[in-house]
Structures are given as structure tokens and as C-alpha cells.
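Good morning, everyone; I would like to take a few minutes to walk through one structure with you.

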Amino acid sequence: MNKQELLRELGHPGAQTLLSGSMARLAYNGHDGFPRVIPVGFHWTGERIVVSTAPTSPKARALSSRPHVAVTIDTGSTPEEAKALLVRGLATLETVDGVTDEYLAAARRSMSGPQLAEFERNVQSTYQQMARISIEPLWARFYDFGAGRLPAFLADLVSDG
């Protein structure tokens, strides 16, 4: 996928709505060679998807040697409402002192007031360091099933039907 196609997919209004969320699914290969898919909180910087975690987490250890990842952000409980953003990319890791700014920014999208203040206090006391996992998108596709923005194979099936 070239850069222009990538920017078009990530810039789609529906993709932007999904990127403004706070939960995604991260897929990576574990040290045993088996794939893993885990729910993660994330923050979109406008260029990268950032996931923060403990430096000792299994995903941080695995990504340090196998940086290829996939991310799915989706919504909708019926076919008419279903929307999904699929991203493939490369993860880079950086250990930072304290809590990453992106981790707190993601929390601020879903919490406020006393709940947010308590969350921030708890997080600050828990993490002396965090691993900042920065994912550079290399490929992306936005699907809006209710609006007919479908995977090519499915669009072909529908049009042949």
C-alpha cells in the first residue's frame, strides 16, 4: 500500500471516529511462535497508534524481537452498524520513566472529574516505568458494512448474487 492510499484510509471520517476511541485489539506473535490477540487501550497521535504497558509484559518482550503487528478497532453489534479499521504495521518500543503521556491521554477520553483523578493517582503509584509501544501503520483498511464499504471479496460476492 502506498502512502497516499494509507493516508486516504486512515483519514476517512469513519476511520477517524474509530481512532478517537480508546480500545482496540492488538495481534502479535508470541515467543512460542503462536499468534496472540489482546484487548488494549490506545492513543492515536495522528500518525501512530500508541499502546502503553509494563516493560515486563509479555507483549513488550515479544514485540522487542518480533515487531510486526496488526490492530483492529471496531464497533457495531449488527451488520448494519458494523464498522472496522484494520491496520498492519511495525512496533517500536521505548521504556520511559513514570507513566506515558499517551496512556493518560487515552484515559482522559473516557473518564473525567474525581474518577480520572483517582485513576491517575493509582497509575502514577503503580508504574515506575512504562513501555511505550509506537505502531507505525504500513497498511490500513476501513470497512463500513452498513454503508456497503466492504472487503473486495465480499463486494464481489454481493454483486455476483
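Let me start with a question: which strands do the buried residues of H3 pack against? Before I answer, a word on conventions. This is a predicted model, in which local features need pLDDT of at least 70 and side-chain atom pairs count only at pLDDT 80 or more, while totals for chains, interfaces and linings use all residues. Residues are numbered from 1 along each chain as its sequence is written, and side-chain values use heavy atoms, with hydrogens and water left out.

Now the answer: the buried residues of H3 pack against strand E1 (23-29), E2, E4, strand E5 (68-75), strand E6 (83-97) and E7. Helices (H or I, at least four residues) and strands (E, at least two) are DSSP runs, numbered from the N terminus, and contact means heavy atoms within 4.5 Å. The buried residues in question, in helix H3 (residues 58-65), are Lys 59, Ala 60, Ala 62 and Leu 63. They lie on the same side of H3 because they cover an arc of only 170° around the axis, the arc being that of the directions from the helix axis to the C-beta atoms. On the other side of H3, Pro 58 and Ser 64 are exposed. Buried here means under 20% relative accessible area, exposed over 50%, and partly exposed in between, with a 1.4 Å probe and protein chains only.

Let me step back to the whole chain. The protein has six helices and seven strands, and along the sequence they follow the pattern α-α-β-β-β-β-α-β-β-α-α-β-α. Its C-alpha atoms fill a box of roughly 60 × 40 × 30 Å, taken along the principal axes. Of the 161 residues in the protein, 37% are buried, and among contacts between residues at least 6 apart in sequence, 68% join residues at least 24 apart.

As for annotation, an unreviewed UniProt entry places the feature "domain: Pyridoxamine 5'-phosphate oxidase N-terminal" at residues 23-116. UniProt positions are given in the numbering used here, feature names are shortened, and annotations may be inferred rather than shown by experiment. Over residues 23-116 the chain is 23% helix and 47% strand, with the end C-alpha atoms 17 Å apart.

The largest pocket holds about 220 Å³ of space, and of the 19 residues that line it, the closest to its centre are Val 40, Gly 41, Phe 42, Tyr 103 and Ala 106. Two or more lining residues come from each of strand E2 (35-41), strand E4 (49-53) and helix H4 (101-110), and H4 gives the most, with five residues. By class, this lining has eleven nonpolar, six polar and two charged residues; Ala, Val, Leu, Ile, Met, Phe, Trp, Tyr, Cys and Pro count as nonpolar, Asp, Glu, Lys and Arg as charged, and the others, Gly among them, as polar. On a 1 Å grid over the protein atoms alone, a pocket is an open set of points where a 1.4 Å probe fits, with protein on both sides within 12 Å along at least five of seven lines, and lining residues have an atom within 4 Å of a point.

H4 also has a buried set of residues, namely Glu 102, Leu 104, Ala 105, Ala 106 and Ala 107. The buried residues of H4 pack against strand E3 (43-44), E4, helix H5 (113-126) and E7.

The second largest pocket holds about 150 Å³ of space, and its lining includes Lys 3, Trp 44, Arg 48 and Glu 136. Helix H1 (3-11) and strand E7 (129-144) each give two or more residues to that lining, with H1 giving the most, four residues.

I will close with two single residues. Ala 15 lies in helix H2 (residues 13-19) and is buried, with a relative accessible area of 0%. Leaving aside neighbours within four places in sequence, Ala 15 is in contact with Glu 9, Leu 10, Leu 85 and Phe 142.

Leu 93, in strand E6, counts as partly exposed at 33% relative accessibility. Not counting residues up to four places away in sequence, Leu 93 touches Ala 60, Leu 63, Ser 64, Arg 132 and Ile 133, and two of these, Ala 60 and Leu 63, bring us back to the buried residues of H3.

Methods:
Grid points are joined across faces, edges and corners, and a volume is the space filled by probe spheres set on the points.
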